[in-house]
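Subject: Structure handover

Hello,

Please find the structure below, followed by notes on what was found in it.

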Amino acid sequence: MSPKGQVYLFAILFAVAGLCLTAYKAHFLHFPLLPDEKRQVWSVEAKLTFNARGGPVKVDLALPEDQQQYRVLDEVFASAGYGFSIQEETLRRALWTRQEARGPQTLYYKLEVTQHLDEQANPVEPPEAPTPPVWTPVERVAALSLIESARRLSADDLSFAQQLLQMLTDQHMAQDAQLLFAASEDPSRAQLAIQLLAEAGIPARMIRGIYLENRLYNQRPEELIEVYGGERWVIFNPITATEGIPKNFYMWQRGGRSMLDVIGGYNSQVRFSVLSNDISAKAVALQELQSESVALIDFNIYSLPIDKQTIFKMLLLVPIGALVVVIFRVLVGLKTSGTFMPVLIALAFIQTQLLPGIAILVTLVGVGLWIRSYLSKLDLLMVARLAAVVITVVILMAGFSILSYKLGLDQVMTITFFPMIIIAWTIERMSIVWEEDGPKEVLRQGTGSLVVAVIAYLVMTNRYVEHLTYNFPEILLIELGIIMVLGQYTGYRLTELKRFRFLIDK
Amino acid sequence: MFDTIAKMRKMGVLGMNARNVAYIARYNPRHLFPLVDDKLKTKEAARKYGIRVPELYGVIRYTGDLKNLGALLSPLDGFAIKPLRGSGGKGIIIISGREGENFLKPSGKVVTLPEIRRDISNILSGVYSLGGRPDTAVVESLVRGLPYLLNYSFEGLPDIRVIVFKGYPILAMMRCPTRRSDGKANLHQGAVGVGIDICDGHAIRAVRKDYLVDKHPDTGVDFSDLQIPDWDEILLLSAKCYDMTGLGYIGCDFVVDENRGPMILELNARPGLAVQIANGIGLKTRLELVEGLGNLELHPEERVALIKEKLRCRD
């Protein structure tokens, strides 16, 4: 294959690989493509209180599972003095134990959840047929009567469940329902409905959960029931008898026994507080991925310490600057002094801000050139002279810093971000250009470098560019592809249109 | 803008990018560059091929050699000191006469031995070499330009640049220093570029910066009468440069010495594009003409004859 073909092949390969990786991260790992994308994160705190009797204590709390709409980002258990473990048999449960405890006790469990848009349907296994509950003869008559009247009004199991719930929620409740409520110890509508459904041979289970609303404190767990309608589970709200999950409902426990069991204590209760936060989408994406091992993330700059990450943030901008330089030299044809000097200057501008940066740079190079013009009369060897220029630059930097500090100009303090070796080299080259080609050429090359540096700075500090390069280092591959293609560009440069205009006019 | 591009394409104007990618990268193997970048190697090779070059008086490699500079220079009337790996005429010191112990530049400026020593020290430390590597200074005989050609120049020596592609001389120009260009033969500094007809060596037109000129701005001599002496010899020498260097795309800089005739001053593996402006001819038309000939393996004489034939020169 011809070199040209190879270049295009690799350029396309790189660009496609970069694009695919970027798309993968954006779409599947939920990395935000735009900066400042926020996602709502709910901090839920479950507060467990009970009075201990003075003997051994065992507290057992159902824990939420990953579910369709929400995803757990983080969990924290606060349990001073208690042994703690998580049991994961069929359902997750937290277990606190202590040899001896007396008086009021408080335990905390905190978690952070975020909305998750993965619509994966839960696998449905047909449940076992329910065991009919034990009634007293009176209750039994009332229950059968309720079931009978609901049957008459319904076509299938689901509509039966709905009718039944309606009867239980009706303001003017049927006498049978009233009787059942009065008879049961725990007057929970959901519990009663599940028992009635079991009597009718329909599998049903309890869902306990909370509503995610900001600044909601001391919320009791709410109950929903889930009815198996032949091939799928359908959720009903027993209070309103409506179908479906209420908005913002976070399912804590699905099926299973009670939510909280305390052995060795009394008056136990669990209360929830909810707080909503807007957290950057990237942080959420990263937290989501912490548990899963994704190679793209494991071998990523995120795995570095924070201070190293900021260095990389800068480094990842350098290729963007290089791309700007390539465009300006290859497509525009602007002369710069030193190929990538403008990129380094642009990096310094990021620290100093643009206008102070330009002012400092021009002053530094100007004074440097003036001193260098004297040095050239002293007949020094080049390396020694260059070293002398470096020292001059350091002295100037120190001088400017101290002077500006005394004057109260903080901006000038950032002068140290200018790469002094590069500045010294620039001064040296400029001064040679001055001697050889005159001040006009110095001005021309100096302006060219400055223009490219400023444009590189503007591109590099663009919010979107900054965000994309840092969060999607894969973009480096795309840049590589573009630069390779530009390296094959044999068309005219913009400045050549002017240079050769005279040729075509004649 | 697209109109301009289309016109430039039609004229066969070669752009910098196309020159770098399609010609220099393709026809000039990197390992052959030292032969043209290093003037000592160029001289050595030129001697083998019977191409005249300015005589070598001495080589200064290290700062320590500068002690003997006085002894080296004292018998010389005129000489040129050049950086071995320099380019574009940078760092060249030309001494055309003496004033007692001191030296005279062509402009009449007097320089002392310590001043020359300082300039050489600059050369040695690599100020003018490509990439800033430490360099060597070469002292060689001063070319005494042909008075006829000197008429077309202010102070400096006019040189003749021939672009040689695959051994065929395809375009040429004479570069005449002016007062504005400070005696330098660089067109962008204000020297006059005179397009030279490959067929017979007469002037096609003269360009300074962005406009056509008839006469030299300082000497007032009319360019339209210009006819380069020994033109056929220059063509032959330039064709030989290809065999000598193996580089497919080079610029050969000639001067015509009063006594010794045409000689090679410098070879350039990255010749500029200004020659197109001086001639009013796009380089690509000629490059493609030569590419169309295929690889014929001809002798330099045959190549010169063939290119003349292809350019429909009347003989």
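In strand S6 of chain B, B:Val110 is the bridge partner of B:Leu104. This comes from a predicted model, in which local features need a pLDDT of at least 70, side-chain atom pairs count only at pLDDT 80 or more, and totals for chains, interfaces and linings use all residues. Residues are numbered from 1 along each chain as its sequence is written, while chains are lettered from A and ligands numbered from 1 in the order in which they are written.

Sheets of chain B

Strand S5 (residues 102-104) of chain B is joined to S6(B) by two bridges, and the two run antiparallel. Strands here are DSSP runs of E with at least two residues, helices are runs of H or I with at least four residues, and both are numbered from the N terminus. Two strands pair if DSSP finds at least two bridges between them. S5(B) belongs to an open sheet of three strands in the order S4-S5-S6 (chain B), with antiparallel pairing. Strand S4 (97-99) and strand S6 (110-111) of chain B are at the edges with a single partner strand each, so one side of each has no neighbour in the sheet.

Another open sheet of chain B has seven strands, in the order S12-S11-S10-S9-S8-S13-S14, and its pairing is antiparallel too. Its edge strands are strand S12 (211-213) and strand S14 (261-268) of chain B, each of which pairs on one side only. On average, neighbouring strands of this sheet are turned by 30° against each other, direction ignored. Axes are lines fitted to C-alpha atoms, for helices over the stretch in contact, and angles run from 0 to 180 degrees between N-to-C directions. Strand S11 (residues 203-208) of chain B and S12(B) run antiparallel and are joined by three bridges. B:Val207 is opposite B:Leu212 in S12(B).

Helix pairs of chain A

Two packed helices are described by the angle between their axes and the distance between the axes.

Helix H2 (residues 137-152) and helix H4 (residues 175-183) of chain A have axes 9 Å apart and pack at an angle of about 140°. That angle makes H2(A) oblique to H4(A). Angles under 35 degrees count as roughly parallel, over 145 as roughly antiparallel, 65 to 115 as roughly perpendicular and the rest as oblique. The crossing of H2(A) with H4(A) is left-handed. A crossing is left-handed if the near helix is turned anticlockwise from the far one by less than a right angle, and right-handed if clockwise. Residues in the contact include A:Val138 and A:Leu146 of H2(A) and A:Leu179 and A:Ala183 of H4(A). Two residues are in contact if their C-beta atoms, placed from the backbone, lie within 7 Å. The contact of H2(A) with H4(A) has eight nonpolar, one polar and two charged residues. Ala, Val, Leu, Ile, Met, Phe, Trp, Tyr, Cys and Pro count as nonpolar, Asp, Glu, Lys and Arg as charged, and the others, Gly among them, as polar.

For helix H9 (residues 318-332) of chain A and helix H10 (residues 341-352) of chain A, the packing angle is about 135° and the axes are 9 Å apart. H9(A) and H10(A) are therefore oblique to each other. Their crossing is right-handed. A:Val318, A:Gly321, A:Ala322 and A:Val325 of H9(A) make the contact with A:Pro342, A:Val343 and A:Ala346 of H10(A). That contact of H9(A) with H10(A) has six nonpolar, one polar and no charged residues.

Contact between the chains

Chain B gives 26 residues to the contact and chain A gives 23 residues. On the side of chain B that touches chain A, helices H1 (2-11), H2 (16-27), H6 (113-124) and H9 (274-279) of chain B each supply at least two residues. That side of chain B divides into 11 nonpolar, 11 polar and four charged residues.

Confidence

The predictor gives the complex an ipTM of 0.78 and a pTM of 0.68. The average pLDDT, the predictor's confidence in each residue from 0 to 100, is 88 for chain B, where 98% of the residues score at least 70. Chain A averages 81, with 91% of the residues at 70 or above.

Regards
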